[in-house]
Amino acid sequence: FTRGSYAFCCPRGSDGTGYDGDGVTPLESAVAWEGAETMVVDGVTHFPWSDVAGGKLVAPDLAKRHEEEGTDWYGSESVMDQWVPWLHGS
């Protein structure tokens, strides 16, 4: 899932390997808009794939990170404490 998503979002005809990101959106494309304010939240995934039906089939690597390793996602309370104030300009 991640390689396919990254290959779609990244330039130069990449196969999706060699990029950092949240498992769905590669960092390179997430911060690509010149002049835009950006915030990078490290160590999180895009979505808690293990919590939805079929998530382990669609994105097994991301489901494993969430379920077995306890990796937070953007909607985790501790992560929201980082980006919500930033979004509000605090």
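## Contacts of V79

In this predicted model, local features need pLDDT of at least 70, side-chain atom pairs count only at pLDDT 80 or more, and totals for chains, interfaces and linings use all residues. Leaving aside neighbours within four places in sequence, V79 is in contact (heavy atoms within 4.5 Å) with V41, V44, D72, W73 and Y74. Residues are numbered from 1 along each chain as its sequence is written, and side-chain values use heavy atoms, with hydrogens and water left out.

V79 lies in helix 5. Its relative accessible area is 1%, and V79 is therefore buried (buried is under 20% relative accessible area, exposed is over 50% and partly exposed is in between, with a 1.4 Å probe and protein chains only). From C-alpha to C-alpha, V79 and G43 are 9.7 Å apart in space, while 36 residues apart in sequence.

## Contacts of Y74

Y74 is placed in the loop between helix 4 and helix 5. With a relative accessible area of 26%, Y74 is partly exposed. When neighbours within four places in sequence are set aside, its contacts are D22, V41, V44, T45, H46, V79, M80 and W83. The C-alpha atoms of Y74 and F47 are 6.9 Å apart, and the two residues are 27 apart in sequence.

## The largest pocket

Y74 also belongs to the lining of the largest pocket: L27, M39, V40, V41 and Y74 lie nearest the centre, out of 19 lining residues. A pocket is found on a 1 Å grid over the protein atoms alone, as an open set of points with protein on both sides within 12 Å along at least five of seven lines; lining residues have an atom within 4 Å of a point. The space in this pocket is about 470 Å³, the volume being what is filled by probe spheres set on the points, which are joined across faces, edges and corners.

Helix 2 (27-30) and helix 5 (77-87) each supply at least two residues of the lining. Helix 5 gives the most, with 3 residues. By class, the lining has 11 nonpolar, 5 polar and 3 charged residues (Ala, Val, Leu, Ile, Met, Phe, Trp, Tyr, Cys and Pro count as nonpolar, Asp, Glu, Lys and Arg as charged, and the others, Gly among them, as polar).

## The salt bridge

The structure holds 1 salt bridge, meaning a side-chain nitrogen of Lys or Arg within 4 Å of a carboxyl oxygen of Asp or Glu. The partners are E67 and K56, with their closest N and O atoms 3.2 Å apart. E67 lies in helix 4 (residues 60-67) and K56 in helix 3 (residues 55-58), so the pair ties together parts that are 11 residues apart in sequence.

Both partners are partly exposed: E67 has a relative accessible area of 44%, and K56 has 48%.

## The protein as a whole

The secondary structure comes to 5 helices and 0 strands (DSSP runs numbered from the N terminus, H or I of at least four residues for helices and E of at least two for strands). Along the sequence the pattern reads α-α-α-α-α. Taken along the principal axes, the C-alpha atoms fill a box of roughly 40 × 35 × 20 Å.

Of the 90 residues, 28% are buried. Among contacts with a separation of 6 or more, 36% are between residues 24 or more positions apart. The protein exposes about 6000 Å², of which carbon and sulfur atoms supply 53%; accessible areas come from the Shrake-Rupley method with a 1.4 Å probe, and for residues only the protein chains shown count as cover.

Key: 1 Å grid on protein atoms, 1.4 Å probe; cavity = no way out; pocket = protein on both sides within 12 Å on 5 of 7 lines; lining within 4 Å.
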